[in-house]
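Reader: Thanks for sitting down with me over this one. Could we walk through the fold together, a piece at a time?

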Amino acid sequence: MPQYTFDWCVAASIQMAHNLIDDTGGGTWTASAHQGELWEMARARSSNSFNGANPFGWAQVLTEVGMGPYKVVSIADYGDALRTAARAIADTDRPVGLVMWSGRHAWVMSGFESLGDPAQFPEFTVTGIRVQDPLYPYGSGQWGPSPAPNSLLTPEQLATQFVAREPRRWSSDLPTGYLLVLPTAPA
């Protein structure tokens, strides 16, 4: 699912998550107008919408439109962040949002490969990460090319664009770390 404007990566990622989750036969979310509506929803629910849609708005929209619950987490250690994301996918069968480029872009993690089953081994090792970048095929001059849809990246490849993020105005209550828009089990 491509993003239709340079700003709409969160909205495109919401559409991708829906298309990965929805097994009701209700169709895919692909329309540009709908993506614009999702962006406005996420922006309105972001703690500082001046800068557009942020991960808090992303998580809230995913939850409100029936794909949640989702929450935003910051994890200090890269390996722990990958394990947390993989464990969430295994536990919920829903994708994880990855806050990329030090907080400037959104990707979707749709799957993983690992040494060890997350359900049996708390310290399993993630060896591959399946990703969807809504900016494909364009990428970034600073951060690098966009991987093709459903690419399986090594942790080292992902680490070139998925980097720890310092707190900012809208996220000053989150510690420095790798930001995930994480599916959680329903309460």
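Reader: Happy to start with helix 1: how many of its 13 residues are buried?

Author: A word first: this is a predicted model. Helix 1 is largely enclosed by the rest of the structure. The buried set includes Cys-9, Val-10, Ala-11 and Ala-12.

Reader: How far does helix 1 reach from its first C-alpha to its last?

Author: Helix 1 has 13 residues, and at 1.5 Å a residue a span of 18 Å is expected. The model comes close to that expectation, with a reach of 18 Å.

Reader: Let's turn to packing. Are helix 1 and helix 2 roughly parallel or roughly perpendicular to each other?

Author: Two packed helices are described by the angle between their axes and the distance between the axes. For helix 1 (residues 9–21) and helix 2 (residues 32–44), the axes are 8 Å apart and the angle is about 110°. Angles of 65 to 115 degrees count as roughly perpendicular. The two helices are therefore roughly perpendicular.

Reader: Which residues in helix 2 does helix 1 meet, and how many of the contact residues are charged?

Author: Helix 1 brings Val-10, Ala-11, Ala-12, Ile-14 and Gln-15, and these meet His-34, Gln-35, Leu-38, Trp-39 and Ala-42 in helix 2. By class, that contact has seven nonpolar and three polar residues, and the number of charged ones is none.

Reader: What is the handedness of the crossing where helix 2 passes helix 3?

Author: The axes of helix 2 and helix 3 cross at roughly 120° and come within 7 Å. Helix 2 contributes Leu-38, Met-41 and Ala-42 to the contact, while helix 3 contributes Gly-57, Trp-58, Val-61 and Glu-64. These residues divide into five nonpolar, one polar and one charged. As for the crossing itself, it is right-handed.

Reader: Staying with helix 3, is Gln-60 buried or partly exposed?

Author: Gln-60 lies in helix 3. From Gln-60 to Asp-23, 37 residues apart in sequence, the C-alpha to C-alpha distance is 21 Å. With a relative accessible area of 37%, Gln-60 is partly exposed.

Reader: Now Ala-81: what is its relative accessible area?

Author: Ala-81 belongs to helix 4 (residues 78–92). Apart from neighbours within four places in sequence, Ala-81 is in contact with Ile-75, Tyr-178 and Leu-180. Ala-81 is buried, and its relative accessible area is 0%.

Reader: Trp-101 and Asn-150 have positive phi values. Is each of them buried or partly exposed?

Author: Phi is near 50° at Trp-101 and near 65° at Asn-150. Trp-101 lies in the loop between strand 2 and strand 3, whereas Asn-150 lies in the loop between strand 4 and strand 5. Buried means under 20% relative accessible area. At 5%, Trp-101 counts as buried, while Asn-150, at 40%, counts as partly exposed.

How values were computed. Residues numbered from 1 in each chain as written. Predicted model: local features only at pLDDT ≥ 70, side-chain atom pairs only at ≥ 80, totals over all residues. Heavy atoms only, no water. Axes fitted to C-alpha atoms, helices over the stretch in contact; angles between N-to-C directions. Helix = DSSP H or I, 4+ residues; strand = E, 2+ residues; numbered from the N terminus. Parallel < 35°, antiparallel > 145°, perpendicular 65-115°, else oblique. Contact = heavy atoms within 4.5 Å. Nonpolar A, V, L, I, M, F, W, Y, C, P; charged D, E, K, R; others polar. Expected span 1.5 Å × (residues − 1). Buried < 20%, exposed > 50% of the residue type's maximum accessible area, 1.4 Å probe, protein only. Left-handed = near helix turned anticlockwise from the far one by under 90°.
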